[in-house]
Amino acid sequence: MADDQDLRWMRAALTMARRAVGRTAPNPAVGCVLVRDGVLLGRGFTQPSGRPHAETVALAQAAALFGPDAARGATAYVTLEPCAHHGRTPPCADALVAAGVARVVAAAGDPDPRVDGRGFARLRAAGVAVETGVLAAEAEAMNAGFLSRHRRGRPWLTLKLATSLDGRIATGSGDSKWITGAQARARVHLMRAEHDAILVGAGTVRADDPSLDVRLPGLEDRSPLPVIFDPRLSLSSGARLGAGARPALILHLPAGAPDGPDPDREVELRGRGLTLQAIPAAPGGAPALLDPTAALEALAAAGVTRAFCEGGGRLAGALLAAGLVDELALFSGGAAIGAEGLPSLGPLGLDLLADAPRFRCIATRRLGPDALTLWRPEHA
């Protein structure tokens, strides 16, 4: 059982790791602190794009502050198992051994097949004491996307809905600005910054022409990859997404498939600098609908670990019906729109209430005049 000091320093390492969430894909967001005799020697978190790793940053800081032998005899608190493979940098397990670290306390193991116990084994073989499982649940929650990609072959998916009191996302004429207020919209931007990709349907792009970026001061460089579900490649040449230097990925039906795109559209959009990827049609013969499971698997293969879906209703319904939503973030505004308004979800094909996707509320937060409730699948 971890003592109070181990818990204290692991919490500090988790705080460091939090700074990296949304910036390290396909790598995990890891934090590390180096401590000897109760004194903090160095700290670090995984840097943008995943390099350098947290352990390397912490060791470099300790050396800069206290000299080249600063970490000798120290304890390293790491939120995930130190890597054991050569990539763009040498293994962190080797770096900790070379620095003379006497003890490593890790929150969770790394399921990447290149690591998966090898980091701990390398440390123990070098005589380093290793303890695991300290605040493991917190560490795994922080890296839910990384773990999902390796364990399930798809990203962690958050579905965001911003609705009126009666579950509508726009009036019958399509007016949707704004159902929620400034505080709620700022929270959405913060959530965007914590994800690798933002998913939207082609209908949302046509209706709103969104930019899907992060517009919070100081976080403008953390805008995720826009991913457009556009089976027929209907994206307008004037759409903001895909224009300029910011990349966008369009998922579409294969050429030649029923309801598939015109091959000339593929050539045109690729010429605009957009990345296109063909996805099989949804099972069951749904017209012009992508297979949502295959789409998420393709995103995982591209390195996406955390995906944030912002609609519209048809895409949201398809993801829910397929059982792919890991968290639902429901922003509720105080307006009532009525039956003629646009529903937040497309068809789910339900006959019985017993077949409805079920979620449990895990948190409720007030955001000015609005409310945010967070939901997880009932049996997750």
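In this predicted model, nine strands form an open sheet with mixed pairing, and their order is β11-β10-β9-β8-β12-β6-β13-β16-β15. Because β11 (275–278) and β15 stand at the edges with a single partner strand each, one side of each is left without a neighbour in the sheet. From one strand to the next, the twist averages 20°.

Within this sheet, β6 and β12 run parallel and are joined by four bridges, and the bridge partner of Thr 158 in β12 is Phe 308. Helix α11 (residues 313–321) packs on the sheet, where it touches β6, β8, β9 (225–229), β12 and β15, and its direction makes about 135° with that of β6.

A further helix, α7 (residues 182–193), has twelve residues that should span 16 Å at 1.5 Å a residue, and its end C-alpha atoms are 17 Å apart, which agrees. Its buried residues are Ala 184, Val 188, His 189, Met 191, Arg 192 and Ala 193, and what covers them includes the strands β6 (156–163), β8 (197–201), β12 (306–309), β13 (327–332), β15 (359–367) and β16 (370–377).

| Cysteine | Closest cysteine sulfur | Sulfur–sulfur distance |
|---|---|---|
| Cys 83 | Cys 92 | 3.7 Å |
| Cys 309 | Cys 361 | 20 Å |

Since a disulfide requires sulfur atoms within 2.5 Å, the 3.7 Å between the sulfurs of Cys 83 and Cys 92 is too far for a bond, and the 20 Å from Cys 309 to Cys 361 is likewise too far. Cys 83 is buried, with a relative accessible area of 7%, and Cys 309 also counts as buried, at 0% relative accessibility.

Note on methods: Residues are numbered from 1 along each chain as its sequence is written. This is a predicted model: local features need pLDDT of at least 70, side-chain atom pairs count only at pLDDT 80 or more; totals for chains, interfaces and linings use all residues. Side-chain values use heavy atoms; hydrogens and water are left out. Helices (H or I, at least four residues) and strands (E, at least two) are DSSP runs, numbered from the N terminus. The expected span of a helix is 1.5 Å times one less than its number of residues. Buried means under 20% relative accessible area, exposed over 50%, partly exposed in between (1.4 Å probe, protein chains only). Contact means heavy atoms within 4.5 Å. Two strands pair if DSSP finds at least two bridges between them. Axes are lines fitted to C-alpha atoms, for helices over the stretch in contact, and angles run from 0 to 180 degrees between N-to-C directions.
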